[in-house]
Amino acid sequence: MLTKKLSTLHSFLLLASRRAGHLARQQYDVIVVGGGHAGAEAAAAAARMGAETLLVTQKIHTIGVLSCNPSLGGIGKGHLVKEIDALDGLCGRAGDWAGIYFSILNRKKGPAVWGPRAQLDRQRYREFIQAELLGTPRLTVLEGSVEELQVTEPNPEEPGHHRVTGIRLANGSHQISARSVVLTTGTFLSGSLFMGQTTSPGGRIGDAPSSAGLSYTLQERLGLRVGRLRTGTPPRIVKDSVDFSLVEPHLPDKHPTPFSFLNTHVRCKPEEQLLCYLTCTTPGVERVVRESLHLNCHIQQDTKGPRYCPSIESRVLRFPGRAHQVWLEPEGVNSDLLYPQGLSMTMPPDMQLLLIREIPGMQRAEIHTPGYGVQYDFVCPTQLSPALQVKSTQGLFLAGQINGTTGYEEAAAQGLWAGVNAARWALSMPPLALSRTESYIGVLIDDLISRGVTEPYRMFTSRAEFRASLRPDNADLRLTLKGFEEVGCVSSLRYQEAVRVRDSLQEALAALQTLTLSAPNWTKKLPNIRISEVKTTSLTGVDLLQYRDVSFEMLASAFPECLSRFTEFSQRLKIEAVYRFHCELQKKEIERIQKEENMALPQDIDYFSLPVSLSQEVREILDRFRPSTLGAATRLQGITPAAIVNLLQYVYHTGQKERGPRRNKPDHKEDREEELCARNASIPQ
């Protein structure tokens, strides 16, 4: 089926381009601006929800392009990919199709923090995403540039000061109406490219810059607080110019683990996987960095860059005298290029070549495309609701790097959820939020809207309080059922499979629980497993499965009549047994947080006249961030436990009915917004 889709891709691109002249007479439920990872997931999700959707992108053939590292997943990021897939998103299945090197990171630790990851074939990934969008009903793709948003007076029955009703294309002749708009502009919003002392407008090399009108609309017409962030990408190395005898090869997993719950295997055969290689920097690299600083205007500026993926210049200046790892990663099965992870740089191209040749294995390396830096605008995400809708503007949703995040996975997760809620808004359905107690996507969104960003946000497992419950292996049980029954973004085929898995796991665990033997009898059944005979209580099959050396296959061999039919779930049952006790301990805390998240705080509440005991500082913080729930308020820096208790009493006693008018002090409000934006965007690196 996929091959058939890919074969029609070229004709689809031509057809989509020809449709542009007719779009001015059409009305859409949802318009998605931008065809990157956030835009692709947003458009597909909105269409799956039943909304007539238009995806507008500058170049149709760059939809799904991997702009930087050709990889997917990792620690924390792999959790997001699994959750996106559980909600019927695209990137997990695309990763299984395009993967050429699969590995589980963090395997020495518990399964809750394993990081599924894959190196990808750039061309295969792009073709898969484009083919999926082609095959999505109710989705139209348009090649064009958006000049500005169409803004009008708000619906008085809904909160907000403005209402978005569509877009106007850069050619000035096309105004396209929509009930909701999702902006996924990536690094293109007032983007600038940096290489040495050269600066040019743009968000990605080889692509035209975005229209200045869109940034103007956000800041001037809608009054949104906007900051500035930066990122970069390394030079691409010609593979044949590398001496692989001087670098350390790293093998992939012998048995690739698919991202998607619908797949039992990946496209790439285990023996056909490519290798990655490890090398490291030398004192010569540090010398080149220091000698080129006066030629590098990007590194001299104080715009905040990604802490966890810094440029080689930043790493050398921050940690002098150290050897830094450099991974040489393949870009595709038929590609003659390597991606040197860890060598993002913005110095002049001739200095980049000098630096590269100071690294073992690359003394004669050739650069195919030099590295460069990007600076771009982002919207301070504390202005968003849990649905990723701009609080002050009805029908406008933001997703991806425009919200201050970095990474394909973070962008795709936001895109999916923004697309879901944009469709729900357009179809007159109430918005939905994902709790941080039920998903990493919920953690991501809650962190953004509650705390804002001071640097590009990256997901880690350490950001989630309930890691034992939010595992990669159970994302389908956590989200697929909800995605079908409550959200509406999951197909019946995926739902039926998730129900089958859930029922089978429950039945298997029940069968294990009924297997109750004394320690001596278990020893007779499993003579190779050391079980303390001091234990006086009986042990169930679930108890035995918690032993490190006991696998489900062992138990199925000992009790084939009741367990053999569940062997396809062997690993999942092992993980469920190991984490059962931890998950039980977390249940009460999860229930408490969910209760707090169900206590809504009115968005028009006047915190400065609220008749409860709150300090002036707390009132200012609450007024600045305007948390949507009591749970979100607890995570704001500077909010005291006493303030939460007083807010709780207020919400409980008023039943959320007492809503004071918003105070009329615009000058003070603007001062606080400018202060917050400055704090978020101008911290030196």
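This is a predicted model: local features need pLDDT of at least 70, side-chain atom pairs count only at pLDDT 80 or more; totals for chains, interfaces and linings use all residues.
Visitor: How many residues does helix 13 have, and what span does it reach from its first C-alpha to its last?

Guide: Helix 13 covers residues 440-451, which is twelve residues. Its span is 16 Å, close to the 16 Å expected at 1.5 Å a residue.

Visitor: What caps the N-terminal end of helix 13?

Guide: Serine 439 does: one of its side-chain oxygens lies 2.9 Å from the backbone nitrogen of glycine 442. Just after the helix, glycine 452 takes a positive phi of about 70°.

Visitor: Is helix 13 largely enclosed or largely open?

Guide: In general, an α-helix has 3.6 residues a turn, so residues three or four places apart point the same way. Here eleven of the twelve residues of helix 13 are buried, so the helix is largely enclosed by the rest of the structure. Among the buried residues are Tyr440, Leu444, Asp446, Asp447 and Ser450.

Visitor: What covers the buried residues of helix 13?

Guide: The cover includes helix 4 (77-86), helix 12 (408-426), helix 21 (616-625) and helix 22 (630-634).

Visitor: How are two packed helices described?

Guide: By the angle between their axes and the distance between the axes. For helix 4 and helix 12, the angle is about 30° and the axes are 9 Å apart. Angles under 35 degrees count as roughly parallel, and helix 4 and helix 12 are therefore roughly parallel to each other. Their crossing is left-handed.

Visitor: Which residues make the contact between helix 4 and helix 12?

Guide: Helix 4 contributes Lys77, Leu80, Val81 and Ile84. From helix 12 come Glu409, Glu410, Ala412, Ala413 and Leu416.

How values were computed:
Residues are numbered from 1 along each chain as its sequence is written. Side-chain values use heavy atoms; hydrogens and water are left out. Helices (H or I, at least four residues) and strands (E, at least two) are DSSP runs, numbered from the N terminus. The expected span of a helix is 1.5 Å times one less than its number of residues. Buried means under 20% relative accessible area, exposed over 50%, partly exposed in between (1.4 Å probe, protein chains only). Contact means heavy atoms within 4.5 Å. A polar contact is a pair of N or O atoms within 3.5 Å; within protein, one must be able to donate a hydrogen and the other to accept it, and residues adjacent in sequence count only if both atoms are side-chain atoms. Axes are lines fitted to C-alpha atoms, for helices over the stretch in contact, and angles run from 0 to 180 degrees between N-to-C directions. Angles under 35 degrees count as roughly parallel, over 145 as roughly antiparallel, 65 to 115 as roughly perpendicular and the rest as oblique. A crossing is left-handed if the near helix is turned anticlockwise from the far one by less than a right angle, and right-handed if clockwise.
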